[in-house]
Amino acid sequence: MKCLIATLLLLGPLAASASETVWLDTLDLAHIRQGYGTPQIDRSIRETPLSIGGVRFRRGVGTHAKSTLWLDLAGGAKRFEAMVGLDDAANGPGSIEFKVLGDGRSLFHSGVMRPGNAPKHVDVSLAGIKTLLLEVTDAGDGIGYDHADWAQARFIVNGRSPRTIDAPGEERVILTPKPRPAPRLNGPTIYGCRPGHPFIYRIPAQGQRPMVFSADGLPDGLSLDSASGIITGNAPPRGKYRVTLHAANQFGQSSRLFRIVSSDTLALTPPMGWNHWYAFYDRVTDEIVRQAADVMVSSGMADVGYQYVNIDDCWMNSPHNSDPLRVGPLRDANGTLIPNHYFPDMKALTDYIHAKGLKAGIYISPGPLTCGGFAGSFGHEAHDARTFADWGFDFLKYDWCSYGRIADGQDPAPPNYPTWGKGPPTLAGYMYPYQLMGNLLKEQDRDIVFNLCQYGMGNVWEWGAKVGGNCWRTAGDLGFELNRFFEVALKNAEHRAWSRPGGWNDPDYLQIGWIGGGHAGGAKPCPLEPTEQYAYMSLWALMAAPLVYSGDMSKLDDFTLNILCNPEVIDVDQDALGQSAAVARLNDSTFLMVKDLEDGSKAVGLFNQGEFAARVTVPWSVIGVSGKQEVRDLWREKDLGFFEGAFTAEVPRRGVVLARMTPRP
Ligand code: GAL
């Protein structure tokens, strides 16, 4: 008893400053950003007990590369301890690295850890550190099977407890100068159309209106409205027409090359426009689509080249839907699709869009039903192709969806239809529905750009153009795990050899501004940091990806418009050579993307996937140039000077510097 009292007496005065243990798994883990799934408490990402190299742990946090967790140490945390490694349940060839960084300085680096490796012990002092980052990288080889455990992870705290936070906030800095009042002509310098078909093109031009447009060399059959800058008429006979566009206002004038190529190939540069999906889902209406067309013009998006206003899924009737106004007969007595209550008159809608010089897009599935459960084209392909042309559409997205059940033999096919047998689809099975619709679209008396959406199955990039496709998604939906955008882009870039004028790899939409919210509504601001948004747009431009904005057009703000509308960045995407950039990896977190441009210059993206700003060097040997290069910062629209041998820039965390390099004697 005496002894206990003595001990209590001894501990008494110390208790106020005694250290306590704060377990990582008790903190708010909503701030973790990770490449797959959601953070798990006391279990692995597979929801199994934490286990590394055969050693079980009772508590900790299971996550998945690439993962970051930022903490404000609030002055109280003295040490951080953990056992880290790849979880035994991953059951595949993962490889990861654990890093602990204090105020940007490395405190612990595990080196590459693989399945079965014994757990590594982290024990670092946090003295004097304000902000801590717990990071798991994919060790540079993609995130497959990268199940990461921070086991027994705990802080020894004396005073205030650490707090998880979002990545240190960045300001939404607008890098691109505002358009000047003098005219500046933008948009592609080459444009494909099919002989004799209706032609509609709104000349993209920034600068103060009114403006007077004119053109030299416009082929017969086309006329230009000098006030609106809209070219209409019928596409000229087969051939190449070299047109020069002009725009003038009281502040000056601008001219730009515009080659019209009348042949079989559309989309000689990647399509640019808007699609309703990631902001409106199954709530889309005629009104929303008209508003998108209005804003495309009023916001200035059309002045830099955005032109397609595209409806995605859910415009038709469905056999079952929570909204009774989207339920009804799928087709009329003639077999023509019946749009649902929210689309009273498709022809009137496309007329409205065309009157602005813009183009209209529509969506359907080759299967019996779309992904959202609405009417599909299966068995009605020819009729639907004609209907879309009659309604005045200029773009069709054809989304695999329920066709899977036909292709793998689960659902019967009608007579005269090839049967594929039971089992996973063959290459012929993947290609058939797209070839069918591709041929039908070519028979219409309209130019209809054909957008394949089947998530990359059967290596669609290898045959997409053969079946008449003008662009094809190379993977599943980018969805809301938007922080995967770097990985999605790098995967898409692997197929660069197949991307060319008339046929483009499509890594999915531009989701910035106000997006998401699911079927119930309630779009939210894009969760990506400002620097990430610059990187996202730069990646898409360098890869010559379709630039399709999929956010709420009524909520566009200046920052979002600055990301979407820099004309020099768009020129990189729309370059007539149509090359998709090559990737040169520099280290774990930095890489270059290099794209040859038609005028002999190169667009070079200096990317930093890391969590801290980094100096990135572009050696001439890596990008295949020599001598003197003039370097221009495209986002800032600013010449940086002449460089020899290499160019180095400070690249923000998870960001980009996008440069154009022009050889100079
Ligand atoms: C998905 C497609 C999305 C969207 C959605 C509509 O399959 O990839 O882009 O179109 O269907 O239900």
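Strands are runs of at least two residues in DSSP state E, and helices are runs of at least four in state H or I; both are numbered from the N terminus. All views show a predicted model.

**Figure 1. Domain layout of the chain and the pairing of domain 1 with domain 3.** The domain assignment divides the chain into domain 1 (2-165), domain 2 (184-262), domain 3 (272-573) and domain 4 (582-664). Between the C-alpha centres of domain 1 and domain 3 the distance is 42 Å. Contact between these two domains involves six residues of domain 1 and eight residues of domain 3. Together they bury about 470 Å², and carbon and sulfur atoms give 32% of this area. On the side of domain 1, Arg33, Gly35 and Lys66 supply 71% of the area buried against domain 3, more than any other three residues.

**Figure 2. Salt bridges and polar contacts between domain 1 and domain 3.** Two salt bridges are found across this interface. Arg33 pairs with Glu532 in a salt bridge whose closest N and O atoms are 3.3 Å apart. The side of domain 1 that touches domain 3 consists of one nonpolar, three polar and two charged residues.

Figure 3. The bond from Ala65 to Lys66 is cis, with omega near -10°. Lys66 is placed in the loop between S5 and strand S6 (67-72). Lys66 is also one of the three residues, with Arg33 and Gly35, that supply 71% of the area domain 1 buries against domain 3.

**Figure 4. The salt bridge between Asp25 and Arg59.** The whole structure contains 33 salt bridges. In the one formed by Asp25 and Arg59, the closest N and O atoms are 2.7 Å apart. This pair links distant parts of the chain, 34 residues apart: Asp25 belongs to the loop between strand S1 (20-23) and strand S2 (40-41), and Arg59 to the loop between strand S4 (55-57) and strand S5 (60-64).

**Figure 5. Packing of helix H10 on helix H12.** Helix H10 (residues 530-542) and helix H12 (residues 567-574) pack at about 35°, and their axes are 7 Å apart. From H10, Met537, Trp540, Ala541 and Leu542 meet Val569, Ile570, Val572 and Asp573 of H12. This contact comprises seven nonpolar residues, one charged residue and no polar residues.

**Figure 6. Backbone geometry at Pro210 and Ala267.** The peptide bond from Arg209 to Pro210 is cis, with omega near 0°. Pro210 is found in the loop between strand S17 (205-206) and strand S18 (212-216). Ala267 is not a glycine, yet its phi is positive, at about 55°. The loop that holds Ala267 runs between strand S22 (252-262) and strand S23 (272-275).

Definitions and conventions: Residues numbered from 1 in each chain as written. Predicted model: local features only at pLDDT ≥ 70, side-chain atom pairs only at ≥ 80, totals over all residues. Heavy atoms only, no water. Axes fitted to C-alpha atoms, helices over the stretch in contact; angles between N-to-C directions. Contact = heavy atoms within 4.5 Å. Nonpolar A, V, L, I, M, F, W, Y, C, P; charged D, E, K, R; others polar. Domains from an automatic or database assignment. Buried area = accessible area lost by both parts, 1.4 Å probe. Salt bridge = Lys/Arg side-chain N within 4 Å of Asp/Glu carboxyl O.
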